[in-house]
Amino acid sequence: MAGLLLAAGRGSRLGTPKALVEYAGERLVDRGVRLLDEGGCHPVVVVLGAATVQVRGAVTVRNPGWASGMGSSLRVGLAALPEEAESVVVALVDQPLIRAGAVRALIGSGAGLAVATYGGRRRNPVLIGREHFAGVAELAEGDVGARAYVRAHPELVTEVPCDGHGDPADIDTPEDLHLLEAE
């Protein structure tokens, strides 16, 4: 089970690339790698773009088309996974409150395509089996990652309740970051 952290964006509304942002004394990119690692993913691949950073415990790849959106980063990340990776858990760098239990729950589902839910709503992370890589990559476009494929194939999707395994709140603006820091 591999892990894939999408961390290529510019963070235009935040004013800085999200990979570089610190929350609770840790860069978001390092926190995301730790999430996937502690959840049972090996190796962990991080897709970078707007910022180039050293990341311990992960393989980094650069998305030259990062400005086109998350879809291109997902395609680059899927292509960078080792052939022996039968599945991947995909997480986003801007969701620092998700805990490793969510990743373990996805892996434990045994599903080939699984989506974490919080309060009954589909969010991240997402587990994608290798048999779905090509289909996911084909529909990943602009700021849409795996969502288009998941919506196109509802009969294949296993929803995995992850309530109690963190909060999927994301950091998009300085206000979002201040609110999380205040809690």
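The model is predicted, so local features need pLDDT of at least 70 and side-chain atom pairs count only at pLDDT 80 or more, whereas totals for chains, interfaces and linings use all residues. Residues are numbered from 1 along each chain as its sequence is written, and side-chain values use heavy atoms, with hydrogens and water left out.

The side chain of R122 meets that of E159 in a salt bridge, with an N to O distance of 2.7 Å. This pair links distant parts of the chain, since R122 lies in strand β8 and E159 in strand β9, 37 residues apart; strands (E, at least two residues) and helices (H or I, at least four) are DSSP runs numbered from the N terminus. E159, at 41% relative accessibility, is also counted as partly exposed. In total the structure holds eight salt bridges, each defined by a side-chain nitrogen of Lys or Arg within 4 Å of a carboxyl oxygen of Asp or Glu.

Another of these joins K18 to D172, whose closest N and O atoms are 2.7 Å apart. K18 is in the loop between β1 and β2 (22–23) and D172 in the loop between β9 and α6 (174–182), so that the pair links parts of the chain 154 residues apart. Both K18 and D172 are buried, and together with R13 and D94 they are linked in a network of salt bridges. A further salt bridge connects E26 with R31, the closest N and O atoms being 3.3 Å apart; E26 is buried at 18% relative accessibility, and R31 is buried at 19%.

Seven strands form an open sheet of mixed pairing, in the order β5-β4-β1-β6-β8-β7-β9, where two strands pair if DSSP finds at least two bridges between them. The edge strands, which pair on one side only, are β5 (59–62) and β9 (158–161). From one strand to the next, the twist averages 25 degrees.

Within this sheet, β1 (residues 2–7) and β4 (residues 44–48) run parallel and are joined by five bridges, with G3 having V44 of β4 as its bridge partner. Strand β4 also runs parallel to β5, to which four bridges join it. Helix α2 (residues 70–80) lies across β1, β4, β5 and β6 (87–92) and runs at about 150 degrees to β1. Helix α3 (residues 100–108) packs on the sheet, touching β6, β7 (113–118), β8 (121–129) and β9, and its direction makes about 55 degrees with that of β8. These angles run from 0 to 180 degrees between N-to-C directions of axes fitted to C-alpha atoms, for helices over the stretch in contact.

Strand β4 is mostly covered, five of its five residues being buried. V44, V46 and L48 point one way from the strand, while V45 and V47 point the other way. V45, which belongs to β4, is buried at a relative accessible area of 2% and stands opposite V59 in β5. When residues up to four places away in sequence are not counted, V45 touches G3, L4, L5, V59, V61, A80 and L81, contact meaning heavy atoms within 4.5 Å. V45 and L81 are 36 residues apart in sequence, but their C-alpha atoms are 7.2 Å apart in space.

Notes
Buried means under 20% relative accessible area, exposed over 50%, partly exposed in between (1.4 Å probe, protein chains only).
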